[in-house]
Amino acid sequence: MTSAGAAKRSSNRERVYAELRRRIVTLELAPGASLSENELAAQLSVSRTPVRESLILLAEEGLVHIFPKLGSFVARIDPERVADAQFVREAIELASIADAEQLVDEPAIAELRELIAAQNATTDVNTFFELDEQFHKSLLAVGGHGSAWRTVVGAKAHLDRARRLGIMGESSLQSLACEHAAVVDALEARDGERAAAALRTHLRKVFTDIEKIRDRSPELFSDGTVTRPTRRVVAVWS
């Protein structure tokens with residue numbers, strides 16, 4: 001293979017991997033959904049090779065399960081992986097709050113409040129999720145740790161699926177915006193302890209959401225074991 005051919009293959013794999021990971025994390029591909037290499041290759045206008053290679057990479061992350069002679073499936077949500085990701089996220093974001101208390105200024109408070117206002121103004125789940133992401137990224141930046149967001153993002157693919165399910169089941173998105181406001185209010189008052197407590201409560205809400213959703217739709221969740229499917233089905237929830 002020429003260097004140009006190798007570069008194109010690598011580029012295709014990276015593009016396909018990024019797109020499939022996005023679809024899984026955003027729940028566009030539901031937990032338990034079957035993954036056809038042929039269908040995905042046709043959708044993404046590539047050969048089956050980059051699709052197969054991407055599925056292997058996603059399997060290494062625990063987002064896909066591959067069963068020889070049966071096929072590939074989106075992994076169901078594993079509460080233990082969610083808890084691990086939450087541990088990493090909470091450790092980083094709470095550690096930044098102490099610095100944010102010292103460094104926060106009026107422009108930073110204004111930026112955070114603008115994001116909260118945008119959250120209050122939307123009823124679209126996907127829009128709210130993106131604004132939520134921007135809020136937490138900006139909060140880290142206030143503490144001088146904006147680059148740590150890449151570490152948080154890399155760790156929380158499993159967590160994000162649970163968070164999206166939680167937001168989808170939220171009766172009022174604005175209640176989450178109020179939780180953000182509580183953090184900002186405390187920071188503006190230079191009360192780092194209260195800000196940390198409000199942020200901790202907000203971040204840990206995902207565990208309550210998981211229990212509610214698992215009671216309603218247990219088929220979306222893993223019990224920690226990987227069971228070979230008996231047929232190719234897509235999990236569906238209301």
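User: What are the ground rules for the numbers?
Analyst: This is a predicted model in which local features need pLDDT of at least 70 and side-chain atom pairs count only at pLDDT 80 or more, while totals for chains, interfaces and linings use all residues. Residues are numbered from 1 along each chain as its sequence is written, and side-chain values use heavy atoms, with hydrogens and water left out.

User: How many residues does H5 have, and what's its reach?
Analyst: H5 covers residues 106–121, which is 16 residues, and reaches 22 Å from its first C-alpha to its last, close to the 22 Å expected at 1.5 Å a residue. The expected span is 1.5 Å times one less than the number of residues. Helices are DSSP runs of H or I, at least four residues, and strands are runs of E, at least two, numbered from the N terminus.

User: Which residues of H5 are buried?
Analyst: Ala108, Ile109, Leu112, Leu115, Ile116 and Gln119. Buried means under 20% relative accessible area and exposed over 50%, with partly exposed in between (1.4 Å probe, protein chains only).

User: What do those pack against?
Analyst: Helix H6 (125–142) and helix H9 (173–188).

User: And which exposed residues are on the face turned away?
Analyst: Glu106, Pro107, Glu114 and Ala121.

User: Switching topic, how many helices and strands in the protein?
Analyst: There are 10 helices and 3 strands, running α-β-α-α-β-β-α-α-α-α-α-α-α from the N terminus on.

User: What share of the protein is buried?
Analyst: Buried residues are 46% of the 238 residues.

Conventions. Contact means heavy atoms within 4.5 Å.
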